[in-house]
Amino acid sequence: MPHAIVPPYLLARIASIREPEFARAAEAARETLAVQREYRPPRRSRLRLSLDGTDTLVAETTPAPDRTISDAQNREELPGVVVRREDDPPTGDTAVDEAFDGLGSTFDFMWDAFMRDSISGAGSELLATVHFGRDYDNAFWDGRRMVFGDGDGEIFAGFTGSLSVIAHELGHGVIESAGGLLYRGQSGALNESIADVFGALAEQHRADQTADQASWLIGEGIFTDAVEGQALRSMIAPGTAYDDDVLGRDPQPAHMSDYIVTSDDNGGVHLNSGIPNRAFALAATTLGGRAWERAGLVWYRALTSGTPSRTADFVQFAAATLAAAEAEYGEESEEVDAVRSGWVGVGVIGNGRDKQPRS
């Protein structure tokens, strides 16, 4: 399945569960894995009022999101029935309203942080479908819209309750619009990682958190209370998001010395994304303050600069972020130092020599 939030190795683990109390979850995981989704590559405005430093009222016109939420009605058919458009009031359906609000929060983050108007940068619609399938254990970007399952209720709760999941899926659309990163191997892991960066930053932006205050968790709240775990992934400490008797331990590596060479998961895109995830979190916490203002801007500039190729590896993307930091802040800036220390900290670069994954 393209660009899904729950990695296939975790679904496969759940599908193999034999404990009767998780029978529904196991069946849901098997059905989720069996669903094949076709991947389809692909103006509104509002008045904002604020006070400046002299308490003068400032009025400015900014872009506004254009959201449409559809309901698949537990079928595996897209787009489903439209149930809420931009000017409609809340529906009372939790998933519909969470998706609507989450898309709005992500839109606000993208505009405030990067002055990006929606996925395309040119005011494109934000489309989402909820209630996809029955007990569907995932959320994904299909090239046109974000799609959310309700979860099985035993291991996974609904996926719209986590803003990091919503922003992650929207982030895949931004990555694609910026030129894309081939969804395999290291470029695929970068694709997943950058989507996680957007997911974490959208949550921090909505809560107005600094890098030190943030949890750096992706998918917090999507597990039920039956699972010993906080989230799907931890950006600051990959490999620690969950440790459960049934699911096992979070397998993400945090350093190139533990890089996983595999043919599964499109070459380990959900696994090895932990390495660039930690590089970003290290850079952001070194700089402090709001992570989207400096570290996030550097990553966004690197993504949209046209420098990284679609097959960029970790070393090449690290070089792109260093170039972006230099262009934005200067060669001798603390931003450049923080970005470099992040990549050195995970073993991607160091001592002037590029580190390559072990085979």
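Helices α5 and α7 pack with their axes 8 Å apart and at an angle of about 40 degrees, where axes are lines fitted to C-alpha atoms, for helices over the stretch in contact, and angles run from 0 to 180 degrees between N-to-C directions. That makes α5 oblique to α7, on a scale in which angles under 35 degrees count as roughly parallel, over 145 as roughly antiparallel, 65 to 115 as roughly perpendicular and the rest as oblique. The crossing of α5 and α7 is right-handed; a crossing bears that name if the near helix is turned clockwise from the far one by less than a right angle, and is left-handed if anticlockwise. On the α5 side the contact is made by Ala 189, Leu 190, Ser 193, Asp 196, Val 197 and Leu 201, and on the α7 side by Pro 276, Asn 277 and Phe 280, contact meaning heavy atoms within 4.5 Å. The helices named here (H or I, at least four residues) and the strands named below (E, at least two) are DSSP runs, numbered from the N terminus.

This is a predicted model, in which local features need pLDDT of at least 70 and side-chain atom pairs count only at pLDDT 80 or more, while totals for chains, interfaces and linings use all residues. Residues are numbered from 1 along each chain as its sequence is written, and side-chain values use heavy atoms, with hydrogens and water left out.

Helix α5 also packs against α4, at an angle of about 130 degrees and with the axes 7 Å apart; α4 and α5 are therefore oblique to each other. The crossing of α4 and α5 is right-handed. Among the contacting residues are Leu 163, Ala 167, His 168, Gly 171 and His 172 of α4, together with Asn 191, Ala 195, Asp 196, Phe 198 and Arg 206 of α5.

## The covered helix α8

Helix α8 (residues 295-304) is mostly covered, with 8 of its 10 residues buried, that is, under 20% relative accessible area, as against exposed at over 50% and partly exposed in between (1.4 Å probe, protein chains only). The buried residues are Ala 295, Gly 296, Leu 297, Val 298, Trp 299, Tyr 300, Ala 302 and Leu 303, and they pack against α3, α4 (163-177), α5, α7 (274-287), α9 (314-329) and α10 (334-345). Just after α8, Gly 306 takes a positive phi of about 85 degrees.

## Aromatic pairs and charges over rings

A search of the whole structure finds 15 aromatic pairs. Rings of Phe, Tyr and Trp (its six-membered ring) pair if their centres lie within 6.5 Å, and planes under 30 degrees apart count as stacked, over 60 as edge-to-face and the rest as tilted. The rings of Tyr 136 and Phe 140 have centres 6.2 Å apart and planes at 70 degrees, so this pair is edge-to-face; Tyr 136 is buried at 2% relative accessibility, and Phe 140 is buried at 0%.

Phe 223 and Tyr 242 also form an edge-to-face pair, because their ring centres lie 5.9 Å apart with the planes at 80 degrees. Phe 223 lies in the loop between β8 (217-218) and β9 (233-234) and Tyr 242 in the loop between β9 and β10 (243-244), so the pair ties together parts that are 19 residues apart in sequence. Both Phe 223 and Tyr 242 are buried. One aromatic cluster is formed by Trp 216, Phe 280, Trp 299, Phe 317 and Trp 343.

The ring of Phe 100 has the charged end of Arg 67 sitting over it, 3.7 Å from the ring centre, and the charged end of Arg 84 also sits over this ring, 3.6 Å from its centre. A charge sits over a ring if NZ of Lys or CZ of Arg is within 6 Å of the ring centre and within 35 degrees of the ring normal.

## Backbone features in loops

A cis peptide bond, with omega about 10 degrees, joins Leu 78 and Pro 79, and Pro 79 is found in the loop between β3 (67-71) and β4 (81-85). Met 115, although not a glycine, has a positive phi of about 55 degrees; Met 115 lies in the loop between α3 (94-114) and β5 (126-130) and is exposed, with a relative accessible area of 60%. Trp 216 likewise has a positive phi, near 60 degrees, in a residue other than glycine. Trp 216 is placed in the loop between α5 (185-207) and β8, and is buried, with a relative accessible area of 3%.
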